[in-house]
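Reader: Please take a close look at the aromatic pairs of this protein. I would like the cut-offs stated along with the values.

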Amino acid sequence: DHAYAEEAAGDHGASANASERPRAARELEEYLTAAERPPLLRAQLSLCVSATSAPELEERVERLRSEYRPVDLHRPLGDQLKLFCSHFPGQRAPVAAYDDYMTVEQIGAMVPTATHAVGSETGPYIGHTLSGSRQPVLFDPTEASRTARAPAVLLSGTLGSGKTLTLELIAYQAFLAGSAIVDIDPKGDHRLDRLPGVGDRIETVELGSTDREAGMLDPLRVAPAETREDLAVAFLVSILPDPVVPQWRTEVRLAVQLACAAGSRSCEDVLDRLESTDTDEGRAVARSLRAHAASGLARLGFASREGKTAEAGTADVTSLRIRDLQLALPGTARSELLEEERVGQAVLRLLAVYALSLTSRDPSRHAVLCFDEAWVLLADSQGRALVDRISRLGRAQNVTPLLATQALADVEDLDPLIGCAMCFSVESDREAERALALLRLDPEDERLRSQLVGFRQGRCLMRDYDGRVAGVQIDLADPRLLDALDTTPGPPRRPEGAGDTAVP
């Protein structure tokens, strides 16, 4: 305090060091006078580096120094033998000049094998931590259902960051453990059918606008009774062009209520009721909806009243794809959507409900629901309500949803819906801030933001079901898995030598 006061009275003011010392001294005093009486440790940290040649030794020393920055590592040439002997068991530190007094936390932070444990206690191996010790990271997709936590796993990141490969890796490991898999593949680039043991146990359903698939996603057919009305209204209003006047919304709501009360399982019945109404608004909205129901992907949402629709979900792995699906860029306002994009988003939401119904048929068997392009569900309140329902039903029905998205929406609304999060590479500081907020880290931390922007090849920050966060390198371990799942143009990547590990 005296040094700071003297410097502050000078012409140039107090230096940075003088300003920092009073705060550091008070923090140390508070630490040492705490009720638990924590100790100060007289300690010395020594690291032994070996190599087969002098140039290799110098290169390894520099790598070690770079890993420890901003901590300075000294290399006293005259004391090398003493320091080397100190690494034998039971030896005291021989060079007292390098002793220092440290807190327990400072010692722990400097240990080269220190890491924040992350992942499950048991389960399949998915990667290792980015710490020097490369601790293995395990992930058990059944953990949330067994411990009554939000089961949804969110994988976010830019194109090519590794989130889709990770989603497929977790799904494949769950399949090997006996879980049922339902994979929503809007882009048609998933490769689960190429994985060992999956080929003859997968059912691929190509949804389109043909007569065979018409009505397969009708909300009055696929939704449970308690949400059937709301989902049908949301679908019918979503495919209408903006602006949708309040009177039209009212007419649609009344017609859906009547259809549900009559036990109808077809949106065709809703159109008939709108056409038979005595209001001009009802007939007008019926005419507009009839035009959409007659062609394009919207036909998937209008089941015939008499005919039967196709069924799926009989195999251990079910892959649901939509032909000719057009989606806008994440963040595009509804008023700017093309008709095909607006219908595509509405149909994709119905597909999520349909997939959930497939996974929850047998609650005694764990199931995994994979949803790529999940930003469609996270972009607005209706979609987030659907994610909330998927999460709640998933916990009760023994289902783990895996949601992959390029863009994060309002993090405050997402946090209670997500049990585990893996944030891969992002393109901007703004996206990094959202990812850090989702991970419950400091969005203003410049180092963490730079780390997220610089992540590549399957690196991510992972928050597990216990709320622990650590940097993780996803590792497919078997190069055959990478060859099967990788969608990067070019020849398949193989490890250069025995024991090498291929990563996404």
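Author: The structure holds four aromatic pairs, where rings of Phe, Tyr and Trp (its six-membered ring) pair if their centres lie within 6.5 Å, and planes under 30 degrees apart count as stacked, over 60 as edge-to-face and the rest as tilted. This is a predicted model, in which local features need pLDDT of at least 70 and side-chain atom pairs count only at pLDDT 80 or more, while totals for chains, interfaces and linings use all residues. Residues are numbered from 1 along each chain as its sequence is written, and side-chain values use heavy atoms, with hydrogens and water left out.

One of the pairs joins Phe84 and Phe88: the ring centres are 5.6 Å apart and the planes stand at 75 degrees, so this pair is edge-to-face. Phe84 is partly exposed, at a relative accessible area of 44%; buried means under 20%, exposed over 50%, and partly exposed in between, with a 1.4 Å probe and protein chains only. Phe88 is also partly exposed, with 44% relative accessibility.

Another pair is formed by Phe139 and Tyr465, with ring centres 6.1 Å apart and planes at 20 degrees, so it is stacked. Phe139 sits in the loop between β4 (136-138) and α6 (143-147), and Tyr465 in the loop between β12 (459-463) and β13 (469-474), so the pair ties together parts that are 326 residues apart in sequence. Helices (H or I, at least four residues) and strands (E, at least two) are DSSP runs, numbered from the N terminus. Phe139 is buried at 2% relative accessibility, and Tyr465 is buried at 8%.

As for the protein around these pairs, the secondary structure comes to 19 helices and 13 strands. Of the 504 residues, 45% count as buried. Contact means heavy atoms within 4.5 Å; among contacts between residues at least 6 apart in sequence, 68% join residues at least 24 apart. The C-alpha trace spans about 95 × 65 × 40 Å along its principal axes.

The cysteines can be treated briefly. A disulfide is a pair of cysteine sulfur atoms within 2.5 Å, and by this rule the count is zero. The sulfur of Cys420 is 8.8 Å from the closest cysteine sulfur, in Cys460, which is too far for a bond. For Cys460, the nearest cysteine sulfur is that of Cys423, 8.0 Å away, and Cys460 is in no disulfide. Cys420 is buried, with a relative accessible area of 0%, and Cys460 is buried, with 0%.
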